[in-house]
Amino acid sequence: MEKFYTSFTTYLYKNGCHDNYVGSQIKILKTVFNFLKNNEGLNVGQFYKNFYVRKEEVDILVLSQERLKFLIHDQEFEKTLTNKERIVKDMFIMGCTTGFRYSDLVSVTIKNFKKSEGKYYITNKSKKTKTETAVLLPSYAVDIYYTYKTKSTKNLLFGSMSLNKFNETLKDIGLKAGFTEVVEYKREQRGIEKKLVSARKQNLFCNKMSSHMMRRTAITTLLILGMPELLVRQISGHKYGSSSFMRYVKFAQAYLDKEIESVYSKLENYAPESVGSNR
């Protein structure tokens, strides 16, 4: 079976697959053999336990604060969107603000919005983690709520939409917004890192936009703006010591380091004549 493992993984790598996908396929195989042994009582041996499941850390892709502000506030851009695109844009903005997953957003009803002492909150129990959250909403998110409150069907704030249709429409919005730079990202094959840069259409930033970007943008934005990790975890539902959450912390720190280095570089440039001219 070692020969099968080698042949199967080699086939996947030759067809352009990366460690996360290959690892997921091997994990499925191990699960099948475990089921056959433990549930069906078949003598399948122990060989499958030696199948190595590779993992890789894929680069986190988020929307910058400037681009998020653009989607929130630019009225001229708003006029260029179709009705369906406006709905997706507003869902995306709400997700980037609250950190809700797509599965949670499409289930949000008008009953999930609460007003207390003049402040609005959105409450939800995550379908994935079963974690209950209540997030204070900024004024632009409250405006989105009121925009759809009277239009909601079956009490669903944004109505129903498939995930595929949401992601397709989001890419169209990114294209219209001009988020079209080529994305450089890293992937791994057999644990060896490869930088991938291509001018192919699918590697434009807009075509990398998806529902996953909402949650990633919300978490990293909160961390970059200085919110303590404990409070961000309460909003995101991550447990203490979560490896996935620590990826966001590292990403946010790298962003801060880059900004700080930009400031320091200005301090390192010294021009004596400019000092004298101010005396």
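A residue is called buried when its relative accessible area is under 20%, exposed when over 50%, and partly exposed in between, as computed with a 1.4 Å probe on protein chains only. The structure is a predicted model, in which local features need pLDDT of at least 70 and side-chain atom pairs count only at pLDDT 80 or more, while totals for chains, interfaces and linings use all residues. Residues are numbered from 1 along each chain as its sequence is written, and side-chain values use heavy atoms, with hydrogens and water left out.

Salt bridges were assigned where a side-chain nitrogen of Lys or Arg lies within 4 Å of a carboxyl oxygen of Asp or Glu. By this rule there are eight salt bridges. Glu 78, Arg 86, Lys 89 and Asp 90 are linked in a network of such pairs. Glu 78 is buried, at a relative accessible area of 19%, whereas Arg 86 is partly exposed, at 26%. Lys 89 and Asp 90 also form a salt bridge, with an N to O distance of 3.2 Å. Lys 89 has a relative accessible area of 3% and is buried; Asp 90, at 8%, is buried as well.

A further salt bridge joins Arg 187 to Glu 56, with 2.7 Å between the closest N and O atoms. Arg 187 lies in strand β4 and Glu 56 in the loop between α2 (19-38) and α3, so the pair ties together parts that are 131 residues apart in sequence. Both Arg 187 and Glu 56 are buried. Helices (H or I, at least four residues) and strands (E, at least two) are DSSP runs, numbered from the N terminus.

In helix α3 (residues 65-73), the buried residues are Arg 67, Leu 68, Leu 71 and Ile 72. They lie on the same side of α3, because they cover an arc of only 140° around the axis, taken from the directions from the helix axis to the C-beta atoms. Glu 66, Lys 69 and His 73, on the other side of α3, are exposed. The buried residues of α3 pack against several helices, including α4 (75-79), α5 (83-98) and α7 (139-149), where contact means heavy atoms within 4.5 Å.
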